[in-house]
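Reader: I have not seen this structure before. Please take me through it in short steps.

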Amino acid sequence: MLNAFRSGGRSRVTAVVLWGLLGLLIVGLTGLGLGGAVSGLAGQYVARVGDTRVETDSFVRALDAQLNQFAQLTGQRMTMRQAQAFGIEQQVLGQLITGAALDDKAADLGLSVGDRAVRDELLSAQQFQGLDGTFDADSYQFFLDRSGLTVSEYEDRLREDLSRALLEVAVAGGVRMPDAMAETVLAFNREARRYAVIRLTEAALQTPLDTPSDADLQAHYDANPDVYTKPETRVVSYAALTPETVAAETDIAEADLRAAYDDRIDTYARPERRIVDLIAFASAEDAQAAKDAIDAGTQTYDDLAAERGLSGADLTLGALVEEDLSGAERDAVFGADEPGVIGPVETDLGPALYRLNAIIAAETRSFEAVADALRAELAAEEAADLVLESFDPVQDLLAAGATLEEVADETALSFGEIEITEVPGEGLAGDAVFRQEALAAEPGEERDAIELTDGGIAAVRVERVEPPALRPFDEVAETVRADWTAAETARRLAARAEELQGQLSEGRTLAAVAQAAGLDVESFGPIDRSARPEPGLPGAVVPTVFELDAGASDVLEADAAAVLVQVTEVIPFDAEAPENADALAALRNQLSGQLASDAYLSFAQALTDAAGVSVNQQLIADTLALYP
């Protein structure tokens with residue numbers, strides 16, 4: 001069984017399931033975090049599943065691994081408060097509890113692996129391989145030192161992982177989705193179609209539209225009352241002051257502009273930056289050997305990264321300035337004249353090779369180039385200060401019983417009236433805070449001053465609430481005329497398209513129908529179900545094409561047009577074609593892996609439920625409190 005795990009079973013099931021569920025226990029061994037701060041909690045356990053404990057140090061290592069992974073991706077370490085906001089500590093605990101439940105079951109069944117299996121797994125671990133592809137004892141010891149583990153502790157953990165793998169193979173190793181499932185999925189997803197369309201615009205009408213009569217317009221108005229009904233409207237008086245208004249009236253002296261430019265020179269003068277990657281090594285000898293291989297052309301920097309399983313995100317340090325580095329690192333990286341591999345260089349991570357990818361020259365924007373933007377920025381800052389200074393005096397006046405009109409007379413605020421409906425408008429009518437205040441106030445109610453979304457201030461008074469009302473025909477006559485014209489054009493274009501479609505049912509080709517009508521045929525495809533519609537075609541064209549059989553047609557409405565669409569060819573997915581073999585095999589493996597994963601997850605959950613879980617919440621809280 002172990003041999004099966006090591007070969008095909010491992011690559012298929014273990015890669016999908018075991019490392020997805022339990023890999024955190026191994027990855028967590030590399031975590032660096034609390035160190036000695038946790039030593040006082042050693043021997044205690046944060047959870048218990050049956051007779052198996054989740055030790056505090058295991059929880060800390062796994063949690064550190066997650067935090068370190070986040071730091072590698074983002075360049076900054078997450079605080080514990082942030083981690084808890086994302087529920088990371090609960091995810092880690094859940095994974096450890098699942099692993100403990102599996103350990104408990106494996107122990108109950110007497111499942112274990114011998115020393116030889118542990119040794120083989122250790123010797124084949126990619127992270128402990130040297131440049132020659134064989135086990136490197138120094139790398140192994142370096143890993144143990146950084147993890148705070150002894151040889152026996154790590155190998156005991158490895159034995160537990162392998163024992164769980166035996167259990168996994170027993171549960172999910174034989175699970176496989178029927179081959180017909182993959183064929184069915186691909187037959188649907190990879191079916192392709194060609195189609196052709198005739199677009200009909202107003203020019204395709206055989207006779208121009210007549211001028212609508214008053215009766216036509218009245219009928220359209222009567223048939224669409226919702227379109228011409230004014231929604232409930234709040235008529236709101238306000239006194240308001242916005243930074244935009246103040247800034248437009250604020251003049252910034254040239255001397256002040258010059259002084260601000262000098263004060264913010266760091267913003268306009270960007271130092272030279274260098275985009276670099278980094279790979280660290282266990283020893284200076286390993287780093288030098290790697291550099292020699294790169295110089296000799298027998299290996300590339302990307303080869304080194306691939307051997308270690310590092311992605312581009314794992315390698316990159318981003319765009320650095322000189323201040324980001326110190327000592328030998330800065331001299332090496334910023335002393336290079338051109339891109340290339342640099343090193344070995346001693347870093348905080350150990351001996352390392354840098355790869356300089358690009359040099360971005362220093363840049364300084366002149367005063368003249370930024371003067372207008374700087375003037376607007378200073379005016380906005382000054383305006384924000386002036387608006388803020390007005391808030392308390394306005395509030396005092398309102399508290400003393402002043403009306404909005406009086407507030408506007410005695411301060412810099414402007415008085416006005418505006419209509420608020422369910423549809424946001426422009427200016428104050430579109431400000432979320434102003435709208436919320438206007439919709440919450442009762443008619444005639446005096447309200448406190450509010451701070452607007454843009455930093456302005458305002459006070460509102462709802463004068464009245466007007467219920468929904470149908471606008472008089474005379475008020476919307478021109479809108480009704482335009483709507484009637486658009487609707488009548490669309491109706492007649494659709495009718496014309498249906499007339500042409502009828503000719504197709506008589507056995508004529510789309511090309512013949514188009515030619516007789518003086519129109520063009522546009523052909524598209526092949527497309528699959530994920531395709532986007534061509535520009536100018538309605539969004540429904542793709543799903544419609546895949547609902548029709550070959551030769552079938554339909555009429556769709558588009559903007560100011562109608563479209564006659566016909567499917568010209570259905571191209572089925574050929575499961576027997578050699579070029580589709582890889583896709584079928586990949587999907588079969590994916591579906592089988594998903595099914596095996598679901599089976600294994602269900603099994604693990606059942607074990608957890610049956611064994612019973614107790615969690616030491618206080619110990620977890622005490623442990624998390626040690627983190628910054």
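Reader: How many bridges join β9 to strand β10?

Author: This is a predicted model. Strand β10 covers residues 350–360 and runs antiparallel to β9. The number of bridges joining β9 to β10 is 6.

Reader: In what order do the strands of that open sheet of 4 strands stand?

Author: The sheet is open, and its pairing is antiparallel. β8 (316–320) and β9 (340–347) stand at the edges, each with a single partner strand, so one side of each has no neighbour in the sheet. Neighbouring strands are turned by 30° against each other on average, direction ignored. The order is β8-β7-β10-β9.

Reader: Which helix packs on the sheet by touching β9 and β10?

Author: The helix covers residues 284–296. Its direction makes about 175° with that of β9. It is α14.

Reader: Which strands does helix α17 lie across?

Author: Helix α17 spans residues 327–335. It runs at about 175° to β9. The strands it lies across are β7 (273–280), β8, β9 and β10.

Reader: Is the peptide bond from Gly343 to Pro344 cis or trans?

Author: Pro344 is found in strand β9. For the bond from Gly343 to Pro344, omega is near 0°. That bond is cis.

Reader: What is omega for the cis peptide bond that joins Gly525 and Pro526?

Author: Pro526 has its place in strand β16. The bond that joins Gly525 to Pro526 is cis. Its omega is about 5°.

Reader: Which residue takes a positive phi in the hairpin of β1 and β2?

Author: β1 (residues 45–49) and β2 (residues 52–55) run antiparallel, joined by 4 bridges. Ala47 has Val54 as its bridge partner in β2. The hairpin has 2 residues between the strands, and the phi in question is near 60°. The residue is Gly50.

Reader: What is the bridge partner of Val49 in β19?

Author: Strand β19 covers residues 613–615. It pairs with β1 in the antiparallel sense, over 3 bridges. The partner of Val49 is Val613.

Reader: What is the radius of gyration of the protein?

Author: The protein has 25 helices and 19 strands. For its 628 residues the globule rule gives 25 Å, and the value here is well over that, so the protein is more spread out than a compact globule. The C-alpha trace spans about 95 × 80 × 60 Å along its principal axes. The radius of gyration is 36 Å.

Reader: Is Ala531 buried, partly exposed or exposed?

Author: Ala531 lies in the loop between β16 (522–527) and α23 (541–545). Its relative accessible area is 24%. Buried means under 20% and exposed means over 50%, so a value in between takes the middle class. Ala531 is partly exposed.

Reader: What share of the 628 residues is buried?

Author: The protein exposes about 33,200 Å², and carbon and sulfur atoms supply 49% of that area. A residue counts as buried under 20% relative accessible area. The buried share is 40%.

Note on methods: Residues numbered from 1 in each chain as written. Predicted model: local features only at pLDDT ≥ 70, side-chain atom pairs only at ≥ 80, totals over all residues. Heavy atoms only, no water. Pairing = 2+ DSSP bridges. Axes fitted to C-alpha atoms, helices over the stretch in contact; angles between N-to-C directions. Contact = heavy atoms within 4.5 Å. Rg over C-alpha atoms; globule rule 2.2 N^0.38 Å. Buried < 20%, exposed > 50% of the residue type's maximum accessible area, 1.4 Å probe, protein only. Areas by Shrake-Rupley, 256 points an atom, 1.4 Å probe, with all protein chains shown as cover.
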